[in-house]
Amino acid sequence: MTSTEANSMEDVSLHILDIAQNSIAAGASRIAISIQDRPGQDRLEIRICDNGKGMDPDQVKSATNPFYTTRTTRRVGLGIPLFQASAEATGGYLKIYSEKGTGTVVQAVFHRRHMDCPPMGRMEDTMAVLVCCNPDVQFYYSHIFSGRKFVLHSGEIQQKLGEISIADPDVIVWIKEYIRSGLEEIYGGV
Ligand SMILES: Nc1ncnc2c1ncn2[C@@H]1O[C@H](COP(=O)(O)OP(=O)(O)OP(=O)(O)O)[C@@H](O)[C@H]1O
Ligand SMILES: [Mg+2]
């Protein structure tokens with residue numbers, strides 16, 4: 001994992017930030033981000049699940065088309081198509097499961113050993129931005145590497161903090177360090 005380097009546009013962590021921002025735009029109060037990194041199976045699976053407003057089947061179909069967007073500021077929505085292109089470049093795929101009024105799951109599968117498989121990037125930065133900008137949203141982050149698992153529940157942390165906001169700069173620094181050391185542990189210095 002090249003997580004100590006600067007972020008690159010293709011990093012998986014930045015795609016995740018993009019996709020989770022769609023969940024926030026859809027009014028989600030709970031967002032689960034799950035990463036299953038299984039080099040033994042040549043497979044990296046990312047899932048972003050939310051309880052936002054969801055999409056009907058036509059909207060789901062259109063979401064992978066870069067010329068479809070419900071944004072009003074700009075005609076072309078690229079978050080999902082870029083993530084999809086990135087997964088497909090490795091021989092993988094992206095799927096969206098959504099139900100209007102219930103929520104959405106975006107699943108991307110990468111072939112991990114393919115030379116075009118992007119680096120993970122800095123998940124601690126993605127989570128820090130998400131938590132900091134959306135302190136009222138409950139984030140469930142789970143990250144598995146070869147059967148070893150790291151988890152973080154922002155709601156649980158907020159509960160322990162009591163009066164102090166999870167968006168407090170000192171707390172955000174702590175969250176970043178907590179994630180970084182948790183990931184170093186499961187990756188075992190890889
Ligand atoms: N989690 C979600 N819940 C509900 N609708 C979604 C969700 N994710 C995407 N969509 C719908 O699919 C459209 C396309 O998403 P996409 O991320 O590709 O582009 P965008 O968000 O419109 O623009 P960009 O990501 O480039 O800023 C969104 O405009 C939205 O209507
Ligand atoms: Mg988007």
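# Close-up views of a predicted model

**Figure 1. Helix α4, made up of residues 123-133, lies across strands β5 (138-145) and β6.** The structure shown in this and the following views is a predicted model. Relative to β5, helix α4 runs at about 170°. One residue of helix α4 is T126. Is T126 buried or exposed? A residue counts as buried if 20 or more other C-beta atoms lie within 10 Å of its own. T126 has 24 other C-beta atoms within 10 Å, and it is therefore buried. Leaving aside residues up to four places away in sequence, T126 touches S13, I16 and L17. I16 and T126 are 110 residues apart along the chain, yet a separation of 7.5 Å is found between their C-alpha atoms.

**Figure 2. Helix α1 (residues 12-25) packs against helix α3 (residues 79-88).** Two packed helices are described by the angle between their axes and by the distance between those axes. For α1 and α3, the angle is about 145° and the axes are 9 Å apart. The crossing of α1 past α3 is left-handed. Which residues make the contact? Helix α1 contributes H15, D18, I19 and N22, while helix α3 contributes G79, L82, F83 and S86. Sorted by class, the residues in this contact of α1 with α3 are three nonpolar, four polar and one charged.

**Figure 3. Six strands form an open sheet with mixed pairing.** The order of the strands across the sheet is β3-β4-β2-β1-β5-β6. Which strands lie at the edges? They are β3 (93-99) and β6 (148-153), each of which pairs on one side only. From one strand to the next, the twist averages 10°.

**Figure 4. Strand β4 pairs with both β3 and β2.** Strand β4 comprises residues 103-111, and its pairing with β3 is antiparallel, over seven bridges. In this pairing, Y93 has V109 of β4 as its bridge partner, and L94 stands opposite A108 of β4. The hairpin of β3 and β4 has three residues between the strands, and there G101 takes a positive phi near 85°. How many bridges join β2 to β4? There are eight, and these two strands also run antiparallel. C49 stands opposite V105 of β4.

Figure 5. How many other C-beta atoms lie within 10 Å of D42? There are 15, and D42 is therefore partly exposed. S146 likewise has 15 C-beta neighbours inside 10 Å, so S146 counts as partly exposed.

**Figure 6. The chain as a whole contains six helices and six strands.** Read from the N terminus, the elements follow the order α-β-β-α-α-β-β-α-β-β-α-α. Taken along the principal axes, the box filled by the C-alpha atoms is roughly 40 × 40 × 25 Å. How does the radius of gyration agree with that of a compact globule, and what is its value? A compact globule of 190 residues would have a radius of gyration near 16 Å, and the chain has 16 Å, so the two agree. Of the 190 residues, 32% are buried. Contacts between residues at least 6 apart in sequence may also be considered: 66% of them join residues at least 24 apart. The T126 and I16 pair of Figure 1 is 110 residues apart along the chain.

Notes: Residues are numbered from 1 along each chain as its sequence is written. Chains are lettered from A and ligands numbered from 1 in the order in which they are written. This is a predicted model: local features need pLDDT of at least 70, side-chain atom pairs count only at pLDDT 80 or more; totals for chains, interfaces and linings use all residues. Axes are lines fitted to C-alpha atoms, for helices over the stretch in contact, and angles run from 0 to 180 degrees between N-to-C directions. Helices (H or I, at least four residues) and strands (E, at least two) are DSSP runs, numbered from the N terminus. A crossing is left-handed if the near helix is turned anticlockwise from the far one by less than a right angle, and right-handed if clockwise. Two residues are in contact if their C-beta atoms, placed from the backbone, lie within 7 Å. Ala, Val, Leu, Ile, Met, Phe, Trp, Tyr, Cys and Pro count as nonpolar, Asp, Glu, Lys and Arg as charged, and the others, Gly among them, as polar. The radius of gyration is taken over C-alpha atoms; the globule rule is 2.2 Å times the number of residues to the power 0.38. A residue is buried if 20 or more other C-beta atoms lie within 10 Å of its own, exposed if 12 or fewer, and partly exposed in between; C-beta atoms are placed from the backbone. Two strands pair if DSSP finds at least two bridges between them.
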